[in-house]
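I opened the notebook to look up charged pairs, backbone angles and surface charge in this structure. The entries follow in the order in which I looked.

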Amino acid sequence: MTDKIGFIGVGTMGEPMCRNLARKCGLEVLAADRDEAPLKRLAADGVRTASIDEIADECRTIMLSLPGGREVEAVCLGEGGLVSKARLGWTVIDLSTAPVSLARRLYAEFEGMASAFADAPVARTRQAAIDGTLSIMVGGTRDCFDRIEPLLRHMASEVTHCGDAGSGQAVKILNNMILFQTGVALAEALSIARAHGVDGKILFETLTKGSADSFALRNHGMKAMLPGVFPERAFSTEYAMKDLSYAIQMAEEVGVPALGADVVHELMERAVELGHGKEYWPVLVKAIEDAAKK
């Protein structure tokens, strides 16, 4: 086992993160994924394709960037998973968005094998992943954070220690809950304005000059909802629903009403029913427009 870095999952966000890591960290990076296409692209940056078993054998630091909790659980806790292979000196960093309870379980499991674990979900857009300007929220011990922060800085401009294991996931999940609720407000405002003959571009540009200004407005509103551009292979409605379900689960566990989140989930379900599940999540504006026609 050396100071090589393993990277499991090089999809929409994982591929650019892995590329930045390989270009900047000065260590050999091994990557695993079911899809060969991103692995072939990453080879141009010196990333070596490997199996999960090879990563476990050769790497001291292992990063995960997977679609959600189910996949993280399978890779770590499934038959022949990383927990069963863990050893003294390992550090496992989960860059995925997954349930808080799973992050805390993985911390306990890896700690029991004399390995370190940190949940480190990422925020911001795919372009931020490409540019290396993500925001990463980390849960884990302070010692672990201090050790992994320099690596995370190769992929992010903001790296925040949020507290003990699970805290990074909690902050990321709530960040997305707020983002989605803001997105619904923007979609409603745009639909109402257009129905009253107000130009959507004028509406959104004016909002940027007042108290309704936000990251969501300038990015998801102006760049997606306004022009009606909702590409696939971005942050899809289905993925957004997954993250939102984690927030609703967190609220239910402590008895806090999450009425706004429930409304967003209902609209996302409607967007999926309309055939927009694979499209960029601001497409939920179409669910609102569809309801207005009835």
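I began with Asp3, which counts as partly exposed at 47% relative accessibility; the model I am reading is a predicted one. Asp3 forms a salt bridge with Arg60, and I noted 3.1 Å between the closest N and O atoms. Since Arg60 belongs to strand S4 (residues 59-64) and Asp3 to strand S1 (residues 2-8), the pair ties together parts that are 57 residues apart in sequence. For Arg60 I wrote down a relative accessible area of 31%, so that residue is partly exposed too.

I then asked how many salt bridges there are by this rule, and the count came to 24.

Next I looked up Glu15 and Arg19, a salt bridge in which the closest N and O atoms are 2.9 Å apart. Both residues sit in helix H1 (residues 14-24), and because they are 4 residues apart there, about one helical turn separates them.

I recorded Asp57 as partly exposed at 49% relative accessibility, and Arg87 as partly exposed at 29%. Salt bridges that share partners join Glu15, Arg19, Arg23, Arg41 and Asp45 into one network.

I turned to the backbone, bearing in mind that most residues other than glycine have a negative phi. Arg124, which is not a glycine, has a positive phi of about 95 degrees, and I placed Arg124 in the loop between strand S7 (122-123) and helix H7 (126-131). Arg233 likewise has a positive phi, near 60 degrees, and is found in the loop between H11 and H12; at 55% relative accessibility Arg233 counts as exposed.

Ser236 lies in the loop between helix H11 (215-225) and H12, but I noted Ser236 as buried, at 8% relative accessibility. Leaving aside neighbours within four places in sequence, the contacts of Ser236 are Gly277, Lys278, Glu279, Tyr280 and Trp281.

My last entry concerns a negative surface patch formed by Glu252, Glu253, Asp262, Glu266 and Glu269. Helix H12 (237-254) and helix H13 (259-273) are the elements that give two or more residues to the patch, and H13 supplies the largest share, 3 residues. Glu253, found in helix H12, is exposed, with a relative accessible area of 54%.

Definitions and conventions:
Residues are numbered from 1 along each chain as its sequence is written. This is a predicted model: local features need pLDDT of at least 70, side-chain atom pairs count only at pLDDT 80 or more; totals for chains, interfaces and linings use all residues. Side-chain values use heavy atoms; hydrogens and water are left out. Patches are made of residues with over 30% relative accessible area and no salt bridge: like charges are joined within 9 Å, nonpolar side chains (Val, Leu, Ile, Met, Phe, Trp, Tyr) within 5 Å. Accessible areas come from the Shrake-Rupley method with a 1.4 Å probe; for residues, only the protein chains shown count as cover. A salt bridge is a side-chain nitrogen of Lys or Arg within 4 Å of a carboxyl oxygen of Asp or Glu. Lys and Arg count as positive and Asp and Glu as negative; His and the chain ends are not counted. The place of a charge is taken as NZ of Lys, CZ of Arg, CG of Asp or CD of Glu. Buried means under 20% relative accessible area, exposed over 50%, partly exposed in between (1.4 Å probe, protein chains only). Contact means heavy atoms within 4.5 Å.
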